[in-house]
Structure formats: structure tokens, C-alpha cells
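Reader: I'd like to learn how to read a few features of a protein model. Could you walk me through them?

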Amino acid sequence: GMLSRNCSVSPDLCDYNVVFVNYCDGLFYTASNAAPLNFQGTDLYFRGRDILFATLENLKQTTTFSNATTVLLSGGSAGGFGTMIQTDAVGEWLTANLPTVTKYRATPSSGYFLDTPNFAFQQLFFDVLTSTTVTMMNVSASLNAKCVAQLPPSLQSMCFMTPTAFGFTTTPTFVLNSKLDSWQVSCSILGAKGTKTPNSFGCVKAPGYGYYGNGCAYKKSLG
């Protein structure tokens, strides 16, 4: 793929410096809640957005990233979701902090999560995120300001969803997305509220796709 150092595999990017940031915040690098949430005696911190920009600042201070002229932001699945939400914000950071950058682009992979009901006509994935998670983790700073300005208060949380947010993105973006995404098929479309499954989305095994449970992916080839 694009991370390959083999120039016959990735001729345009094989000689680029690459920074891989582990996914560690549970909400696509968008949360910024100063106060931890105490759950059964354990403090949970939701600061993915802060981690993202602290990482950029650290790279600027400690590596040759400070002299970068071309930057490509990318990620897969949750990372692709985060890329689509944060693309413009990262671009603004680069403009303010790295004047050497003359070309900035984004290419999210499998980050376009459809705004569609499941087989039981439930807006499962979007309801879970917008009803509690967006507020609990505080993603307000990550919402596209142009999107928020266009929507009434009751709908502004939809600016967190990629089908809505992407319409307001100004950074040149090349979207990579499979026609049939295994997580969305097994969790968003076939999953249902109230089913006895290992996670809150009610993910089920989709024939030919495999099963996603407890945040771990067990993929099966489509053949």
C-alpha cells in the first residue's frame, strides 16, 4: 500500500518520511475533555484531539518535520474517520506552524461511514455517537465550524459524522472506500439494538465478511 518502501508498489510515496500514530482515544482523535470520567473507580481520559496536535508539535520540535514541504494525512477505518473529521484542522495547524509546507492533501481509507439505518430501521451507529459519546467526550472543538454555522443546534452533532462533515471540507481530499465495508455490514447494517452480542453495537456475523466484536477484527476474505 501507500506505506510501502518499494517504489514499484508505491512509486509516489516510497521515499516519503512516514509517521504512524497509534489509535488510542476511542473516538477518532476528536475528543478534548479536560475532566476525566470516573468509571468504577478508574479515571478515563478522552483527549484524542489533544494527542493529535501534541504529536504534530512534538514532530515539529524533534524531527525534520519542521522542514516539510509536502504533507499527506491519511488513516484507515477509525483513522480514516478521524482524517475526514480533522483534515481542515490539521491544515490550519500546518499553515500556522510550518510555513515551509506548500502542498497539503488528505486520503482517508474506509473512513466514510454511511448515514443509513440498519435492517431494523434503527440509526444505530449514529445514534450511539450523537446521543451520548459526542457530549461525554467533548468533540465540540473538532466539529467543522462551517458545518456548525449551517445547521440548527439540534442537528449540529451531525457535523461529527463523515457524510455531513465531508461536504464542508476544503482540503483537497482523495477518498478511498470499499463498496462493501465489513465493519459497516456486520455492525451498522446487520447489527441491532437489544441483540445479545459482545459489544454495544450488536454486531453480527455477516456471511462472507466475518465478525467484529469487542473492538477486534476477524476478517474473512470476500473471495
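Predicted model: local features only at pLDDT ≥ 70, side-chain atom pairs only at ≥ 80, totals over all residues.

Reader: Which residue forms a disulfide with Cys147?

Author: A disulfide is a covalent bond between the sulfur atoms of two cysteines. Here Cys147 pairs with Cys159, with the sulfur atoms 2.0 Å apart. The pair links distant parts of the chain: Cys147 sits in helix α4 (residues 145-150), while Cys159 lies in the loop between α4 and α5, 12 residues apart. Both Cys147 and Cys159 are buried.

Reader: How many disulfides does a search of the whole structure find?

Author: The search finds two. A disulfide also joins Cys7 to Cys14, with an S to S distance of 2.0 Å. For handedness, look at the torsion about the S-S bond. For Cys7 and Cys14 the torsion is about 90°, so this disulfide is right-handed. The link of Cys147 and Cys159 has -90° and is left-handed.

Reader: Is Cys14 buried or exposed?

Author: Buried means under 20% relative accessible area. Cys14 is buried because its value is 7%, whereas Cys7, at 44%, is partly exposed.

Reader: Where is Thr171 found, and which side chain does Thr171 join in a polar contact?

Author: Thr171 is in the loop between α5 (162-165) and α6 (182-189). Its side chain makes a polar contact of 2.7 Å with the side chain of Asp88. With a relative accessible area of 11%, Thr171 is buried.

Reader: In what sense do strands β3 and β4 pair?

Author: Strand β3 (residues 70-76) and strand β4 (residues 103-109) pair in the parallel sense over seven bridges. The chain goes from β3 through helix α2 (residues 78-97) to β4, and this β-α-β crossover is right-handed.

Technical notes: Residues numbered from 1 in each chain as written. Heavy atoms only, no water. Helix = DSSP H or I, 4+ residues; strand = E, 2+ residues; numbered from the N terminus. Buried < 20%, exposed > 50% of the residue type's maximum accessible area, 1.4 Å probe, protein only. Polar contact = N/O pair within 3.5 Å; in protein donor to acceptor, adjacent residues only side chain to side chain. Pairing = 2+ DSSP bridges. Right-handed = clockwise from strand over helix to strand, strands pointing away. Disulfide = S-S within 2.5 Å.
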